[in-house]
Amino acid sequence: MPTAPRDVAVLVNPAADRGRAAVTGVRAVRAMRDLGLRVRVLMGRDAAESTDLAHLAVTAGTDALVVVGGDGLVHAALQVLGGTPTPLGIVPGGSGNDAARSLGLGHHSPEGAARVIAAGHTRRLDLARAEGRFFCTVLATGFDARVNERASNLGRRRRAWPPGPSRYLLAVAAELPRFRPLPYTLDLEGEQRRLDAMLVAVGNGPSYGGGLRICAGALLDDGLLDVVVIKPLSRRELVRVFPRLYTGSHVRHPRYEHHRVRRVSVAAPAGLAYADGERLGPLPTTVECVPQAITVLVGTGGCST
């Protein structure tokens with residue numbers, strides 16, 4: 001039988017999804033209280049303050065830390081909860097919600113997410129770690145990382161810049177004429193590879209960018225990372241293949257390469273690393289799987305890949 005939480009700390013990013021997460025948070029908190037939970041609401045002014053508030057709440061003692069926001073807020077919570085027994089609850093409130101989608105929670109309303117949290121069903125899942133930071137979805141290092149960088153920069157400059165998948169698609173169109181394949185060096189648990197590629201993605205979960213299933217088939221509890229290599233493509237072919245990322249059918253393309261490992265090092269000149277949509281910094285980087293690193297409140301259907 002699940003142990004239902006009684007006291008929960010709820011971390012809200014009111015700016016997520018162009019401010020709609022604040023309303024989502026109000027609805028979720030009301031629903032949790034109606035279900036008998038005692039709720040403390042935490043609202044940081046930025047990622048650093050949100051992480052500090054979460055640390056204080058977990059240290060003081062809470063039955064669960066619940067985040068209302070997108071992948072960025074989930075990423076912040078992982079830095080607090082990774083390696084601890086305190087469960088993570090997610091109320092999808094961002095524009096991409098890849099972490100929630102991978103956990104089978106992406107379709108939930110605030111009230112539906114509250115019911116999942118109150119029910120207390122949990123699973124212990126893996127995390128990945130790079131540059132001392134946990135992540136739960138995908139680490140991007142090539143064309144995808146450049147797209148993420150462009151989308152983030154344009155988003156900061158333009159208030160009206162669209163969110164989530166639309167922002168990502170527009171950044172793809174802007175980056176496509178400029179990008180050239182990178183010369184990668186990979187260390188796959190001692191196997192050295194040197195190759196040119198459009199991107200190398202390292203997945204703990206299957207998707208990023210608001211539903212792009214670059215690491216389709218990745219499992220959150222198998223103790224392994226899914227390393228996907230997309231070898232050089234013409235711009236026309238990349239445009240043709242790109243929509244297949246939404247279904248995962250790109251895995252049948254001849255320029256697709258896939259490895260499952262516990263640890264991988266990735267290097268490329270002028271390469272960047274993004275994980276859970278958050279900037280980690282320049283390559284090289286080493287990624288390792290940390291098995292059974294976090295407890296997550298999930299529905300009875302478990303996780304979706």
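Helices (H or I, at least four residues) and strands (E, at least two) are DSSP runs, numbered from the N terminus. The model is predicted: local features need pLDDT of at least 70 and side-chain atom pairs pLDDT 80 or more, while totals for chains, interfaces and linings use all residues. Residues are numbered from 1 along each chain as its sequence is written, and side-chain values use heavy atoms, without hydrogens or water.

**View A. Arg-167 in helix α7.** The residue sits in α7. Because its relative accessible area is 29%, Arg-167 is partly exposed (buried is under 20%, exposed over 50%, partly exposed in between; 1.4 Å probe, protein chains only). Ser-95 is 72 residues away from Arg-167 in sequence, yet their C-alpha atoms are 9.7 Å apart in space.

**View B. Thr-285 in strand β16.** The strand spans residues 285-297. Thr-285 counts as buried because its relative accessibility is 3%. Its side chain makes a polar contact of 2.7 Å with the side chain of Glu-131 (N or O atoms within 3.5 Å, one able to donate a hydrogen and the other to accept it; residues adjacent in sequence count only if both atoms are side-chain atoms). With neighbours within four places in sequence left aside, Thr-285 is in contact (heavy atoms within 4.5 Å) with Ala-130, Glu-131, Leu-139, Val-264, Ser-265, Val-266 and Ala-273.

**View C. Val-12 in strand β1.** Strand β1 covers residues 7-12 and includes Val-12. A relative accessibility of 2% is why Val-12 counts as buried. Between Val-12 and Val-66 there are 54 residues in sequence and 8.5 Å in space, C-alpha to C-alpha. Apart from neighbours within four places in sequence, the contacts of Val-12 are Ala-21, Val-41, Leu-42, Met-43, Gly-44, Val-68 and Leu-73.

**View D. Helix α5 and what covers it.** This helix runs over residues 110-119 and is mostly covered, with 7 of its 10 residues buried. The buried residues are Pro-110, Gly-112, Ala-113, Ala-114, Val-116, Ile-117 and Ala-118. They pack against helix α1 (20-34) and against strands β3 (64-69), β4 (88-92) and β16. After α5 comes Gly-120, whose phi is positive, near 85°.

**View E. The largest cavity.** The whole structure holds 2 cavities of 30 Å³ or more (on a 1 Å grid over the protein atoms alone, sets of points where a 1.4 Å probe fits but cannot get out; lining residues have an atom within 4 Å of a point). The largest contains about 180 Å³ of space, a volume being the space filled by probe spheres set on the points, which are joined across faces, edges and corners. Its lining counts 20 residues, and Leu-199, Ile-230, Leu-238, Phe-242 and Leu-245 are the closest to its centre. At least two lining residues come from each of α6 (143-157), α7 (164-175) and α8 (235-241). Helix α6 gives the most, with 3 residues. The lining divides into 16 nonpolar, 2 polar and 2 charged residues (nonpolar: Ala, Val, Leu, Ile, Met, Phe, Trp, Tyr, Cys and Pro; charged: Asp, Glu, Lys and Arg; polar: the others, Gly among them).

**View F. The second largest cavity.** This cavity has a volume of about 100 Å³. Of its 14 lining residues, Leu-103, Leu-125, Cys-136, Leu-220 and Val-296 lie nearest its centre. Helices α3 (71-81) and α4 (98-102) and strands β5 (122-130) and β16 each supply at least two lining residues. Strand β5 has the largest share, 3 residues. By class, 11 are nonpolar, 2 polar and 1 charged.

**View G. The aromatic pairs.** The count is 2 pairs (ring centres of Phe, Tyr and the six-membered ring of Trp within 6.5 Å; planes under 30 degrees apart are stacked, over 60 edge-to-face, the rest tilted). Phe-143 and Phe-179 have ring centres 5.3 Å apart and planes at 70°, so this pair is edge-to-face. It links distant parts of the chain, 36 residues apart: Phe-143 belongs to helix α6, and Phe-179 to the loop between α7 and β8 (182-188). Both Phe-143 and Phe-179 are buried. The pair of Phe-242 and Tyr-246 is also edge-to-face, at 6.4 Å centre to centre and 85° between the planes. Phe-242 counts as buried because its relative accessibility is 11%, whereas Tyr-246, with a relative accessible area of 33%, is partly exposed.

Methods
On a 1 Å grid over the protein atoms alone, a cavity is a set of points where a 1.4 Å probe fits but cannot get out, and a pocket is an open set with protein on both sides within 12 Å along at least five of seven lines; lining residues have an atom within 4 Å of a point.
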